[in-house]
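Let's take a walk through a protein together. Keep the picture open while you read.

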Amino acid sequence: MTTTPTSDYMGFVGVTTGSSSIMKVFPLWADILGLPTRTLIGHDLPMDASPEQYVALVEQIRDDPQHRGALVTTHKMNVYASASDLFDELDPFAVSCSEISSIAKRGSRLSGRAKDPITVDLALKDFLPADYFATTGSEVVILGAGGSGTALSWALAEREDAPTKITVTARDDEKLEHLREVHRQHGTREGLIEYVRTETPADAAALVAAAPRGSLIVNATGLGKDRPGSPLPDDVVFPEGAYVWEFNYRGTLEFLHQARAQEDARDLHVIDGWRYFIHGWSQVVADVFELELTPEIVERLADAAEAAR
C-alpha cells in the first residue's frame, strides 16, 4: 500500500491504480468541484488478496482522519465479503448486490455504497436510445457475472423498455447462483434473465453468435484490463447491427479489438468504457465529498478528463 500523505486525500482501491487516467484527472476535477484536496492515493491489492488484506485496508481508511474515502474497482465484491461488518451504513444496492464501490465517511460513521447500478445505467443512456429494446425486440448478452455484470443486469431489468431476454455468463456456478439470488430478492421478473455457465470462450461465442440482430453484447469480465485476454475467441461472429460494449477503457482490450475488427462488416456500434469511467468516478467523488452533480457539471468533468485521456 502507498505511504500515507501528510494532508487530506482520497483513495483508489484497485489492482494497477497507477496506470489509470484518474491519477491525472482527479486534480483537474478537484479544481472544478472545489474539493478540499487534489491528492488521490492508490491502494493496490492483488487479484487473489486475502480477507485479512481487505479488512486491514478498510480499517486504514476508517481510522486515518486524513483519508476522506475511496473508490473500489475490481475488489468491490471481496471488500463486501471480507469487511462489510466494519461499515456503520450500507445502502440497499450494497446489501442486495453484495458489493461496495464507494467508501465514504459521515462524521464518525463509515458508509459503504454500491454505485454501479446507477453509474452503469448513466453510461448506457449515453449511447443507447431510451426506447431501444421496445422498438427492436433485441436481447442482451452480458459476459461476466461479477460486480459490473450484476449491476448492468439490475439496471436493464429496471428499464421501462426492458429487453426481452438478458443472458449472463460466468465460468463457475457460484457467481451465477449469487446473481440469481440477487434478482430473486429484488423481485426481478421471472424468466427475464438466463444464467449460463460458459466453460470455454467457444461456449460464450456460440451465445453471442445466436443473439438476434441489434443485440447488446457486453464484456463485464475484467479480461483485457486486470489481466490480458478476452472472454471470446478471435473467430467470434457478432450479431449484425449489435451494440458491443467493452467496460474497460485501458489495458490490452482484446475484446474491443475483436469488435472493431468487425465494425464495418457487421455494422456494429462499438463503445469502450470511457463514459462508464467518467460516471463511475464522478458519482463516487460526489458521494465521498457530499456533492450534488448536475448533467452540466458531469459534462464539464468529462471535458476536463478528455484532455488527460
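We'll start with the whole chain and then pick out a sheet and a helix.

This is a predicted model, where local features need pLDDT of at least 70 and side-chain atom pairs count only at pLDDT 80 or more, while totals for chains, interfaces and linings use all residues. Residues are numbered from 1 along each chain as its sequence is written, and side-chain values use heavy atoms, leaving out hydrogens and water.

The protein has 12 helices and 12 strands; these are DSSP runs (helices are H or I, at least four residues; strands are E, at least two), numbered from the N terminus. Along its principal axes, the C-alpha trace spans about 55 × 40 × 35 Å. Of the 309 residues, 56% are buried, meaning under 20% relative accessible area with a 1.4 Å probe, counting protein chains only.

Now find the open sheet: six strands in the order β2-β1-β3-β5-β6-β4, with mixed pairing. Two strands pair if DSSP finds at least two bridges between them. At the edges sit β2 (40-44) and β4 (89-90), each pairing on one side only. Strand β1 (residues 9-14) runs parallel to β2, and five bridges join them. Look for V13, which stands opposite H43 in β2.

Next, which residues of helix α10 (residues 254-261) are buried? They are F255, L256, Q258 and A259. Seen down the axis, they fall within an arc of 160°, so they line one face of α10; that arc is taken from the directions from the helix axis to the C-beta atoms. These buried residues pack against β7 (140-143), β10 (216-219), β11 (243-246) and β12 (269-271), with contact meaning heavy atoms within 4.5 Å.

Definitions and conventions:
Buried < 20%, exposed > 50% of the residue type's maximum accessible area, 1.4 Å probe, protein only.
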